Amino acid sequence: MQNKIAKIIKIILLIFGAFLMVFPFVWMLATSLKTLPEATAIPPIMFPKEAQFSNYAEAMQVAPFGLYLRNSLIVSGVGTLLTLVLTVLSAYAFTIFEFYGKKIMFFLCLATMMIPSELLIIQNFITISRLQWVNTFQGMIVPTIASGFYIYMMREYFMQTPSVLYKAAKMDGCSDWRYLWKVMMPINKNAIATIGILTFISQWNSFIWPLMVSKDDNHRVMAIGLLHFQDAVSSKINLQMAGATVVIMPMVIFYLIFRKQIIEGVSRGGIKG
């Protein structure tokens with residue numbers, strides 16, 4: 001009897017937690033389809049009497065969300081690719097090779113995890129200013145591609161691969177690059193996919209750094225574009241919610257597509273731990 005009560009309480013708590021998580025998104029979507037009087041009504045109206053899809057067309061006319069989407073895809077896509085390349089190669093070197101200063105370098109890599117990213121903003125901005133990278137895509141991407149945590153995580157996965165495979169491959173004349181490409185990466189594809197997905201989400205949701213670097217619509221990403229859009233329609237809540245929906249939906253779709261890879265990567269990491 002006690003087990004049944006505990007199970008019922010657990011289900012109720014999970015449902016309540018799910019409701020708290022989902023409600024803001026449902027409210028945003030519903031408000032984006034309301035008329036302005038419905039969006040500002042007191043007491044609040046949950047759903048519109050008639051969906052106003054014209055709000056999205058009006059929002060797209062006020063701000064170039066298509067351009068913002070392109071910029072976000074460039075920054076997130078290229079940033080993710082470069083992060084994966086740097087992470088995989090660094091983790092592979094720390095796992096396979098022996099060289100002078102290896103432990104010190106890895107310790108310094110781990111030490112970067114102790115430094116809040118906010119402390120590096122000023123130094124990074126001074127650096128890209130001297131390189132004349134302000135208001136450029138490379139200025140937004142390059143300072144964000146190195147992650148001590150991802151290198152550490154990838155190294156832990158690589159270390160789970162039996163060393164006898166590397167020795168056998170070398171005896172067969174396999175090069176280090178081919179061993180990485182043909183053995184290590186396929187075995188650890190779930191971990192690589194997880195890092196890639198988390199990096200893409202982080203790049204997409206980045207706000208402070210793109211806000212400092214971008215100066216015009218040609219380089220503004222979705223989050224920054226939404227900020228300027230809200231200033232333009234500050235009195236129209238329904239249009240603000242329409243713009244927010246346009247910004248959020250690509251990431252929601254991205255998560256729904258790749259959720260299996262995220263779960264598999266996390267599950268495998270939990271088993272190894």
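Guide: First, a definition: buried means under 20% relative accessible area, exposed means over 50%, and partly exposed is in between, using a 1.4 Å probe and protein chains only. Helices are DSSP runs of H or I with at least four residues, strands are runs of E with at least two, and both are numbered from the N terminus. This is a predicted model, where local features need pLDDT of at least 70, side-chain atom pairs count only at pLDDT 80 or more, and totals for chains, interfaces and linings use all residues. Residues are numbered from 1 along each chain as its sequence is written, and side-chain values use heavy atoms, with hydrogens and water left out.

Now the loop between α6 (121-130) and α7 (137-141), which is where Gln132 is found. Gln132 isn't a glycine, yet its phi is positive, about 60°. Asn135 lies in the loop between α6 and α7 too, and its phi is near 65°, again positive in a residue other than glycine. Most residues other than glycine have a negative phi, and most peptide bonds are trans.

Pro43 has its place in the loop between α2 (36-39) and α3 (54-62).

Further along, Ser163 lies in helix α9, residues 163-171, and counts as exposed at 51% relative accessibility. From Ser163 to Ser175 you go twelve residues in sequence and 15 Å in space, C-alpha to C-alpha.
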